[in-house]
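Work through the exercises below with the structure in view. Each task is followed by a solution in steps.

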Amino acid sequence: MSFQRLGEEVGLSPASVHERVRKLEQRGVLRGYHAELDARALGFDVTAFIGVSIHHPRGIEAIEQRLHEEPQVLESHHVTGGHTLLLKVRMRDTRELRDLIFRLRGFEGVERTETMVVLSTQREGHALPIEEAPRAHEASVLEANSGEGRKGKAAAKTKSGRTRG
């Protein structure tokens, strides 16, 4: 989306939008920009979730480090429940999946794995539901410490009760 179009959506000039985006990047709110790839079109036909159970919590950091060396591991989550880690992986075929599972089982500290192969996916994405965020939060994110608010924004009160804006 262009700064022009975004500005029209939020009632700001393109220059103001650009400045706010820059500040959001500096604060780490915006961490990157990504192309959305079609895994199937690139030959990655198998998606799976792998639950990994480890012997002792002290070993989790070493296992997480090793997972960074596995490019097929798209996501790694430390979870509650029957497993210590939950991995999302994408593979070209089940042979690659089997090989990854064998490698994981060879990691020091891994007690067992449980693999769930995805049969179909109805919804997959990375978008956060920010359109449902309270207006006050939207304004604070949009302002990004710039002091400029939306057009027609009501004045805000400070903790001392004085009006600003």
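The model is predicted.

**Exercise 1.** Locate His83 and decide whether it is buried or exposed.

Solution. Start with the chain: His83 sits in the loop that runs between strand S2 (73-78) and strand S3 (85-91). Next, take its relative accessibility, which is 15%. Buried means under 20%, so His83 counts as buried.

**Exercise 2.** Find which side chains make polar contacts with the side chain of His83.

Solution. First, list the residues in contact with His83, leaving aside neighbours within four places in sequence: Gly51, Val52, Ser53, Arg112 and Glu114. Then look for polar contacts between side chains. One joins His83 to Ser53 at 3.3 Å. Another, of 2.9 Å, joins His83 to Glu114.

**Exercise 3.** Explain how the buried residues of helix H3 (residues 60-67) are arranged, and state what covers them.

Solution. Begin with the buried residues of H3, which are Ile60, Ile63 and Leu67. Viewed down the helix axis, they fall within an arc of 65 degrees, so they line one face of H3. In an α-helix there are 3.6 residues a turn, so residues three or four places apart point the same way. Now turn to the face of H3 directed away from the buried side: it carries the exposed residues Glu61 and Gln65. Finally, the cover over the buried residues of H3 includes strand S1 (46-54), S2, S3, helix H4 (94-106) and strand S4 (110-117).

**Exercise 4.** Find where the pLDDT is below 50.

Solution. The average pLDDT of the protein chain is 82, and 79% of the residues score at least 70. Over residues 147-165 the pLDDT is below 50. Where pLDDT is low, predicted coordinates should not be read in detail.

How values were computed
Residues numbered from 1 in each chain as written. Predicted model: local features only at pLDDT ≥ 70, side-chain atom pairs only at ≥ 80, totals over all residues. Heavy atoms only, no water. Helix = DSSP H or I, 4+ residues; strand = E, 2+ residues; numbered from the N terminus. Buried < 20%, exposed > 50% of the residue type's maximum accessible area, 1.4 Å probe, protein only. Polar contact = N/O pair within 3.5 Å; in protein donor to acceptor, adjacent residues only side chain to side chain. Contact = heavy atoms within 4.5 Å. Arc of directions from axis to C-beta. pLDDT = per-residue confidence, 0-100.
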